Amino acid sequence: MVWDTGAPTRHRVGGRHARRGGEMASGSGHPTDHESLVDVHDPGRHAAPVPLPPQRVVSAAGELLRALSAPLRIAIVLQLREGPRCVHELVDALGVTQPLVSQHLRVLRSSKVVSAHRQGREIRYELLDDHLVHIVEAAVGHAGEE
């Protein structure tokens, strides 16, 4: 039987049943008269809160992660890590339509992930910050782990 209550781990005292990591070793899962549930964690002890950055920084990080949340935008960032590209180069590399690439570039520009610079008749897109490549590469690497 699997329990997923989100409650702290509890052990039975006086019985042979124990729950660890959400699993009940055996039995019905209900204590008998001679058993009682005891918290393994000290109820008087609390973990110290972790200091957080200012709310505006946390919000900006959330917006950045939302901008990077689409698979095609991740692929665009991976293409741009090698240097600036124009839309037709991204279309060829990614095998999708020009309007779709342009739509995703617009999201990346508004989120300040990429910038655009005119070069002759073309507009070249490039990453604003190398940190973004590290974020995307870490996410892709993590997703590729087995």
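Student: Which residues does His104 touch, not counting residues up to four places away in sequence?

Tutor: The model discussed here is a predicted one. His104 is found in helix 4. With residues up to four places away in sequence left out, the residues that His104 touches are Ala70, Leu72, Arg73 and Ile76.

Student: Is His104 buried or exposed?

Tutor: The cut-off for a buried residue is under 20% relative accessible area. His104 has a relative accessibility of 11%, and therefore counts as buried.

Student: What pLDDT does the protein chain average?

Tutor: Of the residues, 71% score at least 70. Over residues 1-26 the pLDDT is below 50, although this stretch has 58 contacts in the model beyond near neighbours in sequence. For the protein chain, the average pLDDT is 80.

Student: At roughly what angle do the axes of helix 2 and helix 4 cross?

Tutor: Two packed helices are described by the angle between their axes and the distance between the axes. Helix 2 covers residues 71-80 and helix 4 covers residues 98-110, and their axes come within 10 Å. Angles of 65 to 115 degrees count as roughly perpendicular, so helix 2 and helix 4 are placed in that class. The crossing angle is roughly 80°.

Student: Which residues in helix 2 meet helix 4?

Tutor: On the helix 4 side, the contact involves Leu100, Val101, His104, Leu105, Val107 and Leu108. By class, the contact of the two helices has seven nonpolar, one polar and one charged residues. The helix 2 side consists of Leu72, Arg73 and Ile76.

Student: Which element gives the most to the largest nonpolar core?

Tutor: The largest nonpolar core has 19 residues, and those with the most contacts inside it are Ile76, Leu80, Leu105, Val113, Val114 and Leu127. Two or more residues come from each of helix 2, helix 3 (87-94), helix 4, strand 7 (122-127) and helix 5 (130-144). With four residues, the element that gives the most is helix 2.

Student: What is the relative accessible area of Leu105?

Tutor: Leu105 lies in helix 4. Leaving aside residues up to four places away in sequence, Leu105 touches Ile76, Val87, Leu90, Val114 and Tyr125. Leu105 is buried, and its relative accessible area is 1%.

Student: What distance separates the C-alpha atoms of Leu105 and Arg73?

Tutor: Leu105 and Arg73 are 32 residues apart along the chain. Both are among the residues through which helix 2 and helix 4 meet.

Key: Residues are numbered from 1 along each chain as its sequence is written. This is a predicted model: local features need pLDDT of at least 70, side-chain atom pairs count only at pLDDT 80 or more; totals for chains, interfaces and linings use all residues. Side-chain values use heavy atoms; hydrogens and water are left out. pLDDT is the predictor's confidence in each residue, from 0 to 100. Contact means heavy atoms within 4.5 Å. Axes are lines fitted to C-alpha atoms, for helices over the stretch in contact, and angles run from 0 to 180 degrees between N-to-C directions. Angles under 35 degrees count as roughly parallel, over 145 as roughly antiparallel, 65 to 115 as roughly perpendicular and the rest as oblique. Ala, Val, Leu, Ile, Met, Phe, Trp, Tyr, Cys and Pro count as nonpolar, Asp, Glu, Lys and Arg as charged, and the others, Gly among them, as polar. A nonpolar core is a set of buried Ala, Val, Leu, Ile, Met, Phe, Trp, Tyr and Cys residues joined through side-chain atoms within 4.5 Å. Buried means under 20% relative accessible area, exposed over 50%, partly exposed in between (1.4 Å probe, protein chains only).
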